Amino acid sequence: MTYVEHVQQLGSLARRYGLDVLIVLGAIYGALDVALRTDPERVPTTSLWFAVPAAAIAVLPLLGRRQFPFAAPAAVWIIAAAISFVDERLVVTTITIYVAGMAAAFLLGNLRDGVAAGIGLAICLIGAVIVVYNDPNTSNGDFIFIPAVFAIAWLAGFALRARVAQADAAEQRAVHAERERESAARVAVAEERARITRELHDIVAHSLSVMVLQVGAVRHRLPTVMADDKEALISVEQTGRSALAEMRRLLGALHDDGRDVELAPQPGLDNLESLVQRVGLAGLPVDVHLDGAPYALPRAIDLSAYRIIQEGLTNSLKHAHAKHADVSVTYGRDRLRIEVRVDGVGTSGSDGLGRGLVGVRERVKIYGGDMTAGVAPGGGFLLTADLPVDGAVR
């Protein structure tokens, strides 16, 4: 454990148990103060066997303030009033009991339950009046002044209660907002996965259709002497058509969610120019930079690259207040790197409902790539994505 961690741990312990230590020390100090008194006006009127533990017991109930927020501080005043019936001067001459009474009044005023706080005020005032009444050296003004002092302590706690309630409400709102963000992020991931699944099934169904047609074309071109080969190709063709029929039924189920089926071909980087034009017409000029020799990408990677750029530009247009954007596509030996850089004030990872860049991150993750999004060096916003490309398909 490092030095900083030790300091942090000690700070946490001090915040949690520091007041408890002070209460125990106060009880010990009060007991010693009573036991060692020599001033005739402060010497207990009862035996030390009663006065010493009584001075400590009157303070110690504050240790239970967390478990018993009402009973613990109320017990301080009840015990103090009871002690005054046995020893008239012990309570008024012991400073630790006075401080404990102030703390108890403050805690009672700080209770969240207004009714309990009102009852606590009554206990404080009645206890203070009883202690004053039992003191043989009291004056008439003490019946007003002393209860008023503790009433002020109660009012301080009552006033602070409103701020504590506001802080608790703010914390609850923050927790609720965090839960909503997490829920929205889960929805965004699920929706993006469903979208990717539909796109992949479209691609697979198209490829499967081409394979079936090619097998049929080869079968028709075979001479009659190759009957066995034709039978084998017929079996392959039938299996392919059966798989294609199952694929189409699956596609129908995936699209049966109340949304319109996309009839247009799935876009790729070949459609990047039209995307840039649309974004430019919406108010965000875009410059495209191509690095490396372009090569044919796997259909799924090509589509994902287009979607990543589309989401990066759309998200920037919505949230970044950008005036210009740069899109870079780098064709590496085994990776495709995409960068979307805007000069705005930054963008969020969602559109307010948890969607947006969350979906992009899920798409990149599915293909085993890496993605970063955040403030760019020198300002603005930078989205980068690396998608692995199998060299065998090139």
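Analyst: Helices (H or I, at least four residues) and strands (E, at least two) are DSSP runs, numbered from the N terminus. Just after one such run, helix 11, glycine 368 takes a positive phi of about 75°. The model is predicted, with local features needing pLDDT of at least 70 and side-chain atom pairs pLDDT 80 or more, while totals for chains, interfaces and linings use all residues. Residues are numbered from 1 along each chain as its sequence is written, and side-chain values use heavy atoms, without hydrogens or water.

User: How do you know that the span of helix 3 agrees with its number of residues?

Analyst: The expected span is 1.5 Å times one less than the number of residues. Helix 3 (residues 71–86) has 16 residues and should therefore span 22 Å; its end C-alpha atoms lie 23 Å apart, which agrees.

User: Why is helix 3 called oblique to helix 5?

Analyst: Helix 3 and helix 5 (residues 95–109) pack at about 140°, their axes 8 Å apart. Angles under 35 degrees count as roughly parallel, over 145 as roughly antiparallel, 65 to 115 as roughly perpendicular and the rest as oblique, so the pair is oblique. In helix 3, Pro73, Ala74, Val76, Trp77 and Ala80 make the contacts (heavy atoms within 4.5 Å). Their partners in helix 5 include Ile97, Ala100 and Leu108.

User: Which residues of helix 3 are buried?

Analyst: Buried means under 20% relative accessible area with a 1.4 Å probe, protein chains only. Among the buried residues of helix 3 are Val76, Trp77 and Ala80, which also meet helix 5. In helix 11 (residues 357–366), Leu357, Gly359, Val360, Glu362, Arg363 and Val364 are buried.

User: What makes strand 2 and strand 3 a pair?

Analyst: Two strands pair if DSSP finds at least two bridges between them. Seven bridges join strand 2 (residues 325–331) to strand 3, antiparallel, and therefore they pair. Three residues lie between them in a hairpin, and serine 328 stands opposite glutamate 339. Strand 3 is also joined to strand 5 (residues 381–388), by eight bridges, with arginine 341 opposite leucine 382.

User: Why are strand 1 and strand 4 placed at the edges?

Analyst: The open sheet has five strands in the order 1-2-3-5-4, with mixed pairing. Strand 1 (286–291) and strand 4 (370–375) each have a single partner strand, so one side of each has no neighbour in the sheet. Six bridges join strand 4 to strand 5, antiparallel, and methionine 371 is bridged to alanine 385.

User: What are the two faces of strand 3?

Analyst: In a regular strand the side chains alternate between the two faces of the sheet. Leu336, Ile338, Val340 and Val342 form the covered face of strand 3, and Arg335, Arg337, Glu339 and Arg341 the uncovered one.

Notes
Buried < 20%, exposed > 50% of the residue type's maximum accessible area, 1.4 Å probe, protein only. Axes fitted to C-alpha atoms, helices over the stretch in contact; angles between N-to-C directions.
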